[in-house]
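Visitor: I am new to this model, and I would like to look closely at one part of it before I see how the rest is arranged.

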Amino acid sequence: MRTQRLRQFLLALLAVLGLLGAGLATGAGPAAAAAAFPNSVVPVPVSETADGSTFTLTSGATLTSDDANTGGYLAGVLRASTGYALPLTVGATTPGTIALSLSGAPANVGAEGYQLTASATGVVIRANQAAGLFHGVQTLLQLLPGAVMSPTVQSGPWTVTGGTIVDYPRFGYRGAMLDVARHFFTVAQVERYIDELALYKVNYLHLHLSDDQGWRIAINSWPNLATYGGSTEVGGGAGGYYTQADYSAIVAYAASRYLTVVPEIDMPGHTNAALASYAPLNCNGVAPALYTGTNVGFSSLCVPLPLTYTFIDQVVGELSALTPGPWIHIGGDEASSTTATDYDTFIGKAQQIVANHGKAVMGWHDIANTGALLPSTQAQFWGTTTTAPNLATAAASGTKVVMSPANHAYLDMKYTRKTRLGQTWAGLIEVNTAYGWDPGNYLTGVTGSSVAGVEGPLWTETIVTSADIDYMAFPRLPALAELGWSPWSTHSQTAFDSRLGAQGPRWKAMGVNYYKSPQITWPTGS
């Protein structure tokens, strides 16, 4: 027995000496040899180099920022959860304990990237533009314990692994769509979703503002669109609409989180709410009844009618004046009640009307079937296969494509057959299915620079509350956000599943009603 114990002691001693020797040989100690950032940041950064130090946020810490909006955002989050005063100085010459700087960032991080450096004495985030600072702040918050996202004071310690992160996006368009037409969502509900999207460096919010079941934006030149066309929704509820001031408030709030709003007025199909609001827009002059079901493909604007284009011009004109972003989305999908010839004519005229108002068109990829897209037009792929020949032809001529394959990116698809919410027509989408594809090399003939980015649409036939939005978007939305931001070389299902699990305590602290996928190991406190 003594001989065995002596042998175990000697083996353990040799192992320790070996580790020490390895550390000394590299000029480092055991702590440095083991240093690494936690696998907790989604989207995963481009590069991370830990140095073995640890930063601890204390009650005496200060904040400085070259951008008042981002500094105020960070201060608000940290003060709520830590209870610390954290005084903020904007434009300070001496950096605070946490400093947000618009100088000194590497040039290669571009407009949205950042460099984050943490040491024992403080944290510095450097960026070229305010959006980059904001994205760096999201990474810092994910490096802190999940309780940092709590709206009420929690106990620390509030520690951050020391080292340097350099990070920037793969794609310029990283979007999420919310359908407010099938079911209406208030300004506050949309702003809540914006806050959630911003956590994962999403930079476009696509609002589906009109459909057969409801028209959701006030148009002064056509007031019945909102007051009558917006008076119902799927299932016969009261519906609702945004005043132009409401819409402007959403646009401004999104901008404060560095998201650009892309408004969609779907046409020539999905237009029953408009046709019901104004009889003269119908070819037969008779207004159909309001619609509260979920069928598609039965409505169409009257393509030969001159009034149709007056209508589009005035709607697009008012919406463009309220929208600082570059895109007006014209839909164009599921126009089964429009002949192919009429469809081609219509899309050509609609594109020109949008261009006349200083905006560029986005449209579902069906618009590529016309073979006559303007150079500025951007298509959004929503198919369930990896081929779309007409879209590939358009891409070869310069059309950029946002990738939203319905069998990977549609957030309204059920996770499993037992999921209470959602649909199944594009398949079941568990979180690993949402993550398991490459937007830059997915669709035949639409690869590389032809791909503008990624978007996760959330259609709301079955979605009624903010809790429903949470359940269907999380955890899949962060998976899509990583596909849009992180280089493909970092793609790893196993590693992603681990860092996605690390989001659980954050979401619990925030009150996010997320789906606890069995594909993910959720840590204690999730």
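In helix α16 (residues 493-501), which residues are buried?

Guide: The buried residues of helix α16 are Phe496, Asp497, Arg499, Leu500 and Gly501, where buried means under 20% relative accessible area, exposed means over 50%, and partly exposed lies in between (1.4 Å probe, protein chains only). This is a predicted model, in which local features need pLDDT of at least 70 and side-chain atom pairs count only at pLDDT 80 or more, while totals for chains, interfaces and linings use all residues. Residues are numbered from 1 along each chain as its sequence is written, and side-chain values use heavy atoms, with hydrogens and water left out.

The helices (H or I, at least four residues) and strands (E, at least two) are DSSP runs, numbered from the N terminus. An α-helix has 3.6 residues a turn, so residues three or four places apart point the same way.

In total the structure holds 24 aromatic pairs. One of them joins Trp222 and Phe311 edge-to-face, with 5.0 Å from centre to centre and 85° between the planes. Because Trp222 lies in the loop between β11 (214-215) and α6 (224-227), and Phe311 in helix α9 (residues 306-322), the pair ties together parts that are 89 residues apart in sequence. Trp222 and Phe311 are both buried. Another aromatic pair, Trp364 with Trp459, is tilted, its rings being 5.6 Å apart centre to centre with 40° between the planes. Trp364 lies in strand β14 (residues 360-364) and Trp459 in the loop between β17 (451-458) and α14 (466-473), so this pair ties together parts that are 95 residues apart in sequence. Here too both residues, Trp364 and Trp459, are buried.

A further cis peptide bond is found between Met267 and Pro268, with omega about 0°, and Pro268 lies in the loop between β12 (260-267) and α8 (272-277). The loop between β12 and α8 also holds His270, which has a positive phi of about 55° although it is not a glycine. With a relative accessible area of 2%, His270 is buried. Glu334, which is not a glycine either, has a positive phi of about 50°, and its place is in the loop between β13 (327-331) and α10 (340-356). At a relative accessible area of 26%, Glu334 is partly exposed.

Two single residues can be set beside these. Gln244 lies in helix α7 (residues 244-256) and, at 18% relative accessibility, counts as buried. Once its neighbours within four places in sequence are left aside, Gln244 is in contact (heavy atoms within 4.5 Å) with Ala218, Ile219, Asn220, Glu318 and Leu322. Glu48, which lies in strand β1 (residues 47-57), is partly exposed, with a relative accessible area of 35%. Its contacts, with neighbours within four places in sequence again left aside, are Phe37, Thr164 and Ile165.

Taken as a whole, the chain comes to 17 helices and 17 strands. Of its 526 residues, 55% count as buried. Among the contacts in the chain with a separation of 6 or more, 73% are between residues 24 or more positions apart. Along its principal axes the C-alpha trace spans about 100 × 50 × 40 Å.

Conventions
Rings of Phe, Tyr and Trp (its six-membered ring) pair if their centres lie within 6.5 Å; planes under 30 degrees apart count as stacked, over 60 as edge-to-face and the rest as tilted.
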